[in-house]
Amino acid sequence: MLLYFLISCLSFFFLSKSLSLPPWASETKTLLSFYFSKNPFINTSHPTKPDPVSPVLDQMSVLDLPDLALDCILDRLPPSGLCSMARVCSSMRERCVSDHLWEKHLMTKWGKILGPAAHREWKCFLSSSHDLDSPRHQTGHPCAKIISLIRSLSSVFRADKKQRKSCSQSSLPLDSTMSCFLSLETGRFWFPAQVYNRENGHVGFMLSCYDAELSYDTPTDTFQARYPPHGRRAVAIEKGVTWERLRAAPIDASPHHLYESDSLKELKPGDHIEIQWRRNKEFPYGWWYGIVGHLESCDGNLNHCHCHLSEMVVLEFNQYTVGSRWRRTMVNRRDHREEGSEEDGFYGGIRKLNCKEEIAMWTRLWPSSILE
């Protein structure tokens with residue numbers, strides 16, 4: 001058992017000299033070296049002259065490591081490290097493109113902003129990719145560039161000249177988790193999500209969240225947001241959108257459909273909410289932050305408050321100044337439907353916020369001055 005352990009560790013040392021490994025690898029090497037020098041079961045008859053390395057050990061490679069040790073190494077590698085290790089040979093390539101390795105990276109970096117709509121968009125892309133091989137589609141189809149990119153990555157998964165005879169060449173599978181990660185990372189795959197305070201915090205969108213298509217820009221670590229056209233308005237594009245302004249859609253529904261509220265009966269003063277609002281019937285809904293307030297007939301004393309028993313619910317948007325037509329509105333909790341007018345816009349469904357993180361996000365976005 002000890003000999004087996006020594007063989008695994010020594011092969012790891014030799015490998016670390018030729019491969020770029022993460023910082024923890026050199027630390028492990030130092031600790032094990034200290035172990036070898038102090039372990040009484042290791043030959044110490046010549047403490048100043050270490051024993052020569054066995055020729056057998058000198059010829060070992062990373063593929064000679066036990067499966068568990070190799071899996072642990074690959075599990076700790078960043079995406080760039082996995083891509084580099086995939087060049088070794090077909091056996092290593094098969095390990096490095098495994099979904100279980102890339103699912104962790106996908107969830108760590110992208111999990112919070114990829115919702116059901118983004119997953120559907122990716123599946124739609126995969127299903128359409130089968131029709132892209134014909135000359136008619138290779139240049140005109142919107143997914144053609146993504147297909148070309150992923151196929152070009154096949155060079156990453158080919159062995160070098162000395163190994164090509166023993167290692168087969170194959171492209172990265174389009175339906176793999178790795179291809180999804182790389183498509184997001186390169187910004188070629190536009191995915192649906194929502195953006196807080198759209199259009200660089202334009203005053204007309206403060207404390208709101210709107211649907212958009214997003215593309216990642218690696219050099220700046222920001223996103224480009226493409227908002228759909230509203231009525232006569234053309235597509236709006238915003239650059240430099242930061243991670244903290246993004247979220248996956250909280251409900252899996254079209255922004256053009258009214259959300260059927262399921263918490264109206266339990267709303268009471270002080271509750272945090274999001275409500276759908278759109279400027280007119282041609283616009284999609286956005287989500288706007290507000291708080292449930294008291295009826296005018298209530299003095300606000302919680303010991304005597306009966307606002308939660310009323311059919312009408314008061315919604316307050318305190319980012320607007322007192323007296324503003326946007327400051328306050330009322331909805332019917334028993335027979336709620338879209339309410340409003342062409343002048344004041346249309347209010348839709350309501351979500352009660354129970355998650356502290358959601359509430360904290362709106363608090364961080366609070367404008368520095370009261371809006372008119």
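**Overall architecture and the setting of Val 331**

Among the contacts in the protein between residues at least 6 apart in sequence, 60% link residues that are at least 24 apart. The model from which this value was computed is a predicted one, and the protein in it contains 13 helices and eleven strands. Of the 372 residues in the protein, 44% are buried, while the accessible surface comes to about 21300 Å², with 55% of that area belonging to carbon and sulfur atoms.

Strands β7, β8 and β9 were then examined for their pairing. Strand β7, which spans residues 286-293, runs antiparallel to strand β8, formed by residues 312-316, and three bridges join the two; in this pairing Gly 293 stands opposite Val 314 of β8. Strand β8 is in turn joined to β9 by five bridges, again in an antiparallel arrangement, and here Leu 315 stands opposite Thr 329 of β9.

Val 331 lies within strand β9, which covers residues 328-332. Because its relative accessible area is 1%, Val 331 counts as buried, the cut-off for that class being under 20%. When residues up to four places away in sequence are left aside, Val 331 touches Glu 311, Met 312, Val 313, Leu 315, His 336, Glu 339 and Ile 350. Of these partners, Met 312, Val 313 and Leu 315 fall within the range of β8, residues 312-316.

How values were computed:
Residues numbered from 1 in each chain as written. Predicted model: local features only at pLDDT ≥ 70, side-chain atom pairs only at ≥ 80, totals over all residues. Heavy atoms only, no water. Helix = DSSP H or I, 4+ residues; strand = E, 2+ residues; numbered from the N terminus. Buried < 20%, exposed > 50% of the residue type's maximum accessible area, 1.4 Å probe, protein only. Contact = heavy atoms within 4.5 Å. Areas by Shrake-Rupley, 256 points an atom, 1.4 Å probe, with all protein chains shown as cover. Pairing = 2+ DSSP bridges.
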